[in-house]
Amino acid sequence: MTPANNTANDTTNYDETCPLLRTTSNVHNAEAQIAEKPKSTPLPKAQLAALCIVRLVEPITFTQLFPYVNEFMSDLHLTDDPSKIGFYSGLVESAFAISQLCSIYQWARLSDVIGRRPVIFLGIIGLAITTLMFGLSKSLASVLVARCLGGLFSGNIAVIHSVLGEITDSTNQMVAFPIYGLAWPIGSIIGPLMGGAFSHPASKYPEILGYQFLKDYPYFLPCFIASTFAIIGIFLGFIFLEETLPSKRNGKKSISPNASTNGDSVTTAPALPEKPLSVSKLLSVPIISALALSGFMLSYIGTSFDVVFVLFCYSPIKSGGLAFSASQIGYSLAIAGAIGAAIQLCIMSYLLRTFDPAKIYCFCMSLWPYTFLVLPVLNLIARAGLDETTGELGTTAVAFLWVGIAFVLLLTKAACVAYGISMILTKENAPNAASLGQSNGLVQFTMCFARSFAPFVVSALFATSLEYNLLGGYLWLVTMIMISFLGMTTSRKIKQNSVKTIG
């Protein structure tokens, strides 16, 4: 007779054998559970595709004016001194960044109340209208108004990040986040190409686009095309993008943790809706405050590098730069976009499956000091290969120089992976589902705050270093390396406080 066939009349003592058998069985079951990996949740492909199209709108509308903004300011006849044109074009971009800073947290907070869809659609509609306003502007005042309004409406970026967090989980985010991350590098390639090709279309393509309207408004066409992308985003979003805010989902029952069982019956207590936390309470959460602080450092360092890299390429070789032409700088930026897209497409998914996001984030932040350190090496290559007679670089020097540029841009785009990892960490560590939007908004707010003044500070530091030959003209380099090490230090707090999640 076995223990399974034991009856009430059986007097056999199973005190030793029965617990042993049960324990052995439990051990096997535990081992099987450990060995069995959770199945990956199917991705909502239509929603993800619509979200990526929506995400494309901002980089396209933001970067399409880069090729012609200086020319636009010159056409407005604001000054007779060409060297001051940069001040006005910088003012235009600062107006956008400051307006975005003022609205980003408010959009996130509003989306936690009325839902994600209304906020996203309202933001895209606003971007489409303000981009058209920019193309129709005839004065500095109208340009600034258009850019300020555009910045206000583009503040919904944190809400888009929240939707991505709500349609994914830890089993499929290693696929979704890299795909979503492709939107910015692709948009930052499309935008400048579009702006350069379609500004002044009446003079470039007189047979096809020689209309008087396009002569009067030479920057309208790229703005119109960018607005068309925005309208497509609205259309696809309206069809495929579902509401993801838990409290606003229609016909979806949430699982309550307050469930009790009695025999075969299950009694579920009604789930109380979660409430979003206030800013002060969010900042009291160690991991959220660490993400906000490190996000500020990341955005300041990353934005500063973008600005200083262009200044470095444009400056004369004898002043510590590379003396690149505008087209050569454009090629460099195109290489940067291609490298960024390749990292998102080929490497990001593997990293998320293999490593803890907090460790990836810290590693990315540790790369920033070296990205700045490589820049003087590029100048040394240019100096060594410069022909004093012709003032041009030799073929070998040019080859080594472009290899070096590709290397420094590879380092930069690898460091920029931290932007995508920050989204994952914010999603995984938000105090509750209702606070996800505000958590994203808080982190994005600190990033936008850094972007609002980083270009002015680093460009002024760069110019001052060269003008007064401070530290041999490299005061800007020493300062940025020190700030990069500080950013690396702040990122360690994220590693200490984050929830460990490996896909």
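Tyr-300 counts as buried in this predicted model, because its relative accessibility is 8%, under the 20% that marks the limit for buried residues. Its ring forms a tilted aromatic pair with that of Phe-453, with 5.7 Å from centre to centre and 40 degrees between the planes, and Phe-453 itself is partly exposed at a relative accessible area of 27%. The pair links distant parts of the chain, since Tyr-300 belongs to helix α15 (residues 286–314) and Phe-453 to helix α20 (residues 436–467), 153 residues apart.

**Confidence in the model**

- The model is predicted, and the chain has a mean pLDDT of 79, with 83% of its residues reaching 70 or more.
- Over residues 1–28 the pLDDT is below 50, and this stretch has nine contacts in the model beyond near neighbours in sequence.

**Aromatic rings and the charges over them**

- The structure holds 19 aromatic pairs, one of which is the pair of Tyr-300 and Phe-453 described above.
- The rings of Tyr-474 and Trp-476 have centres 6.2 Å apart and planes at 45 degrees, so this pair is tilted.
- Within that pair, Tyr-474 is partly exposed, with a relative accessible area of 22%, whereas Trp-476 is buried, with a relative accessible area of 1%.
- Ring pairs also join Phe-213, Tyr-217, Phe-220 and Phe-224 into a cluster, and one of these rings, that of Tyr-217, has the charged end of Lys-138 sitting over it, 4.9 Å from its centre.
- In another arrangement of a charged residue and a ring, Arg-147 lies over the face of Phe-134, at 5.7 Å from the ring centre.

**Helices α20 and α21**

- Two packed helices are described by the angle between their axes and the distance between the axes.
- For α20 and helix α21 (residues 475–497), the axes come within 8 Å and cross at roughly 140 degrees, which makes α20 oblique to α21.
- The residues that meet across these two helices are Val-458, Leu-461, Phe-462 and Ser-465 on the side of α20, and Leu-475, Trp-476, Thr-479 and Met-480 on the side of α21.
- Among the residues of α21 listed there is Trp-476, the buried member of the ring pair that Trp-476 forms with Tyr-474.

**Residues in loops**

- Where does Leu-471 lie? Leu-471 is found in the loop between α20 and α21, and with a relative accessible area of 56% this residue is exposed.
- Most residues other than glycine have a negative phi, yet Leu-471, although not a glycine, has a positive phi of about 55 degrees.
- His-200 likewise has a positive phi, of about 50 degrees, although it is not a glycine.
- His-200 lies in the loop between α9 (183–198) and α10 (201–204), and at 21% relative accessibility His-200 counts as partly exposed.
- His-77 is found in the loop between α3 (69–75) and α4 (85–114), where His-77 counts as exposed because its relative accessibility is 69%.
- The C-alpha atoms of His-77 and Leu-140 are separated by 9.6 Å, while the two residues are 63 residues apart along the chain.

Definitions and conventions
Residues are numbered from 1 along each chain as its sequence is written. This is a predicted model: local features need pLDDT of at least 70, side-chain atom pairs count only at pLDDT 80 or more; totals for chains, interfaces and linings use all residues. Side-chain values use heavy atoms; hydrogens and water are left out. pLDDT is the predictor's confidence in each residue, from 0 to 100. Contact means heavy atoms within 4.5 Å. Rings of Phe, Tyr and Trp (its six-membered ring) pair if their centres lie within 6.5 Å; planes under 30 degrees apart count as stacked, over 60 as edge-to-face and the rest as tilted. Helices (H or I, at least four residues) and strands (E, at least two) are DSSP runs, numbered from the N terminus. Buried means under 20% relative accessible area, exposed over 50%, partly exposed in between (1.4 Å probe, protein chains only). A charge sits over a ring if NZ of Lys or CZ of Arg is within 6 Å of the ring centre and within 35 degrees of the ring normal. Axes are lines fitted to C-alpha atoms, for helices over the stretch in contact, and angles run from 0 to 180 degrees between N-to-C directions. Angles under 35 degrees count as roughly parallel, over 145 as roughly antiparallel, 65 to 115 as roughly perpendicular and the rest as oblique.
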